[in-house]
Amino acid sequence: MPDQIRVTLPDGSAREVPEGTTGAQLAAQIGPGLARAAVAIRVNGHVHDLNRPLPDGAKVAILTERDADSLEVLRHSAAHVLATAVREVFPDAGIGFGPAIEEGFYYDFDVPRPFTPDDLEMIEEKMAVVTANDYPFVREVVTRDEANRRFADDPLKLERISELGPDETITVYTDGSFVDLCRGPHLPSTGKLKHFKLLSGAGAYWRGDSSRQMLQRIYGTAFFKKEDLTQHLFRLDEAKKRDHRILGRQLDLFMFHQFAPGAVFWTDRGTAMINELNGFLRELQRDGYHEIRTPLLYNKALWEISGHWGKYQENMFLVLDSETGEHDFSLKPMNCPSHYLMYQAKKHSYKELPLRYNTYDVLHRNEVSGALSGLTRVRQFQQDDCHIFLMERQIQAEVHRLTQFILKYYETFGLKATLKFATRPEERIGTDQMWDEAERALRHALEATGLPYELKPGDGAFYGPKIDFDVEDAIGRKWQLGTIQLDYSNPERFDLKYVGEDNADHRPVIIHRAVSGSFERFIAILIEHFAGAFPLWLAPEQVRVLPIADAQREVASTLTQRLRDAGLRAHLDERTETLNYRIRDGELLHVPYMAVVGQREAEAGTVAVRVRGAGNKQEIVSVEEFVARLDQEVKTRALSS
Ligand SMILES: [Zn+2]
Ligand SMILES: [Zn+2]
C-alpha cells in the first residue's frame, strides 16, 4: 500500500490521500462536478497543473473558471494551442514566447514573412482541430542536455535554456505534436479551451530588443464563456468605430503636428468643449475654492525639496539655463509644489482651513515618443487639479465632500464610477509612521462614505495613499480618472504651517485631488463614450440653421443671431447644396439640433426642428419655444434631448 500524504483544503479541513495523487484526482474525490469544473490547482500559493502529484502537507485550492487566476491559465494554454496550430501550417516556424496578457494572449514566431488575414483564418481552423483532439498537456522535468537536444532546431528556445540558472528546474510541455519549453501551468488538456479568437498579427522584436531579429506576433483572446468572448469582440469592434483619433479628425476637434510631438492643437470646436468642461468645474467650485495660476518653469531647487528631482526626473522636461549653461530648470510636471509655495507665502489660521487651491494650469511630462497615442498619451496637458490644506480632524468630512463632488461630475456624463483604495508603494518618501497614519485616516474617511471600494496594495503615490476613481464607459471599458491623495509628507518637506486655536504653529495635511485627470484624456474618453454624439451643453456645434431656399436666408440669419445671443453655438449653413445634402452633413458631425426654415416657417415665425437620432421626424415649434427648450437642456446639462 502506498504511503499516505496529507493536504489541507481552503475550508481548513485536511485530507489523507495516497502519495502520487494529482490535483485532478483530488478534485474527483471531492466530487464529479468539481472534477469537471477544475481548471488548475493552487498549491501553497502557486498555481499548478492539475496533472501534477501533490506534495505532502500542502495547502491546496482547486481553481475553477470562477477564480481570477484561471483565465490566465486558459489564455496561456491558448497560446500553446496557437503555436501547435502554427507549427502544423508552417512546420519551419521558429518559436519565441507565448504569454497571457491582460486581454488575451500572443505568441511570437520566427517566420520569413508577416502573417496575412488568410493565414490567421487557417491557423484558427487548425486550433479548433487541436482543441477537438483534446490533447493532454503533458509536463516533463528534463535535464539541460535533454532540453538542448529537444530544442536543437529552435535557436530562440536554446537561447532561453542557456540563461536558466544551474538550480532551475527545466520543464517541457507537450500537447499533440507540439513541444514547448515552459514553466506552466496549463489546462489539463486542449479540449478545455473552447471560446477563442485570433485578432491580429504584428511585427515584434525578439525580446523587445530592436537590435535583435523581427518576429511575427499573433494576438488572440480566449474566455471560458461564449458570451464573454462575444461581448469582448463586440467591444473591440465598437472601440474601433469610436476611436477618438479618427472621430477627432472627422469632427474637427484637434490635430497634431510633428513639430510639437505629443502636444495637442485644439480647433475652435475642440476648444469650445474644453471651455465647457472648465466652465462646469468652475461652477461646481464656485463656493469654497480659490482658483490660482502658477508659473510653468522652475529652478531645480524646488524639485529637490519636493523629491521630484530624485524620483521623477526622467519624466520631466529639463530646460537649459543660459546663465549657468546647466539644465537646472524644468517645466512643471505637476502643480503641487508651486501650490505649496503659494501657501507658504502667507500666514494661515485654522479658521481658513480647509483651504482649497484649484487650477487648470498646463503641465508637461516627458513620455517617450513611441508611447504617444492620440489624446490619451500626451506630453502637454491640463489637469483639473486641486490641493487642499486642512487639519487632520477635517479629513473625513473633506473626503466625503470630494467623493460626492467627483461622483456627481461623472454622473453628468453618464459614466459609472468605482472606487479603489491604494496603499504605500515600494518607492516612497516619508516615514512608516507617517504612512500608517495617512493610510488609517484615508481608509477611515473612505469607509465613512459607505461606498464600496476595491483594495490596491502598493499602488499609492510616492508621497501618500490614495483613492482612485475608475469609470465605465458606454461600451463597458474602464478608465482611471479621478484621484484623492492624502499627503503627510510634503507639509514636512515644505515646512507648511497654520496657527491653531492654541495660537501655536501646527502642520496641515494636504489632499491632492483631480476629477477628470487631464482634459486631453478626458475628452478622448468622452469622444469614445458618446461616439461623437455629445450632449447639447458639450457639443462643439449645438444648432445648425438651414434655410431651404434663398428667400429664407435673412430669416435664417436672424434666427442664428437669436440663438447666439442666447449663448448657443449656432451655425448657419446657407450653402447652395440641396437641403438633404446639408442635413446629411450636419448628421455626420452629430449636431444635436438642426433648425430648418422654409417659406411656411419664415412666415409663421416657427422652425422645423430635427433632433439628432430621431431620423426624419420634424417638429414645428415657435422660435421662442425652440430657444427656451435648448436653453433648458443646456442649463440642466441633460444627457439626451
Ligand atoms: Zn506554457
Ligand atoms: Zn498634487
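Q: In which sense do strand 20 and strand 22 pair, and over how many bridges?
A: Strand 20 (residues 355-359) runs antiparallel to strand 22, and five bridges join the pair. One of the contacts to look for is Tyr357, whose bridge partner in strand 22 is His387. Keep in mind that this is a predicted model.

Q: Which other strands pair with strand 22?
A: Strand 21 (residues 362-364) pairs with strand 22 in the antiparallel sense over three bridges, and there His364 has Gln380 as its bridge partner. Strand 29 (residues 509-518) is also antiparallel to strand 22, with seven bridges. In that pairing, Asp385 has Ala514 in strand 29 as its bridge partner.

Q: Why is strand 22 described as largely enclosed?
A: Nine of its eleven residues are buried, so strand 22 is largely enclosed by the rest of the structure. His387 is buried too, with a relative accessible area of 0%.

Q: Let's switch to the metal. Which residues are the protein donors of the zinc ion (ligand 2)?
A: They are Cys336 through SG, His387 through NE2 and His512 through ND1, and they lie 2.0 to 2.3 Å from the zinc ion. Along the chain, the donors follow the spacing C-x50-H-x124-H.

Q: What does the pair Cys336 and His387 tie together?
A: Cys336 lies in helix 12 (residues 336-344) and His387 in strand 22 (residues 380-390), so this pair ties together parts that are 51 residues apart in sequence.

Q: And is Cys336 buried or exposed?
A: Cys336 counts as buried, at 6% relative accessibility.

Q: Ok, zooming out. How many helices and strands are there in the protein?
A: The protein has 20 helices and 34 strands. Its C-alpha trace spans about 100 × 75 × 55 Å along the principal axes. Of its 641 residues, 49% count as buried.

Q: How is the protein divided into domains?
A: There is domain 1 (4-64), domain 2 (69-234), domain 3 (254-294 + 333-530), domain 4 (297-331) and domain 5 (543-635).

Q: I'm looking at helix 1 now. Which of its residues are buried?
A: In helix 1 (residues 23-30), Gly23, Leu26 and Ala27 are buried. They cover an arc of only 100° around the axis, which puts them on the same side of helix 1.

Q: Why would residues a few places apart point the same way?
A: An α-helix has 3.6 residues a turn, so residues three or four places apart point the same way.

Q: Nice! What do the buried residues of helix 1 pack against?
A: They pack against strand 1 (4-8), strand 2 (14-18), helix 2 (32-37), strand 3 (40-43) and strand 5 (60-63).

Q: New topic: aromatic rings. How many aromatic pairs are there?
A: The count comes to 27 aromatic pairs. In one of them, Phe280 and Tyr409 have ring centres 5.3 Å apart and planes at 25°, so the pair is stacked. That pair links distant parts of the chain, with Phe280 in helix 9 (residues 268-284) and Tyr409 in helix 13 (residues 395-412), 129 residues apart.

Q: Are those two buried or exposed?
A: Phe280 counts as buried at 4% relative accessibility, and Tyr409 counts as buried at 0%.

Q: And which kind of pair do Phe421 and Tyr453 make?
A: The rings of Phe421 and Tyr453 have centres 6.2 Å apart and planes at 75°, so the pair is edge-to-face. Phe421 sits in strand 23 (residues 416-422) and Tyr453 in strand 24 (residues 453-456), 32 residues apart. Phe421 counts as buried at 1% relative accessibility, whereas Tyr453 is partly exposed at 24%.

Q: Last one: which residues do ring pairs link into a cluster?
A: The cluster is made of Phe280, Tyr409, Tyr410, Phe413, Phe469, Phe522 and Trp537.

Notes:
Residues numbered from 1 in each chain as written. Chains lettered and ligands numbered in written order. Predicted model: local features only at pLDDT ≥ 70, side-chain atom pairs only at ≥ 80, totals over all residues. Heavy atoms only, no water. Domains from an automatic or database assignment. Donors = N, O, S within 2.8 Å, 3.2 Å for Na, K, Ca; no water. Helix = DSSP H or I, 4+ residues; strand = E, 2+ residues; numbered from the N terminus. Buried < 20%, exposed > 50% of the residue type's maximum accessible area, 1.4 Å probe, protein only. Arc of directions from axis to C-beta. Contact = heavy atoms within 4.5 Å. Phe/Tyr/Trp six-rings, centres within 6.5 Å; stacked < 30°, edge-to-face > 60°. Pairing = 2+ DSSP bridges.
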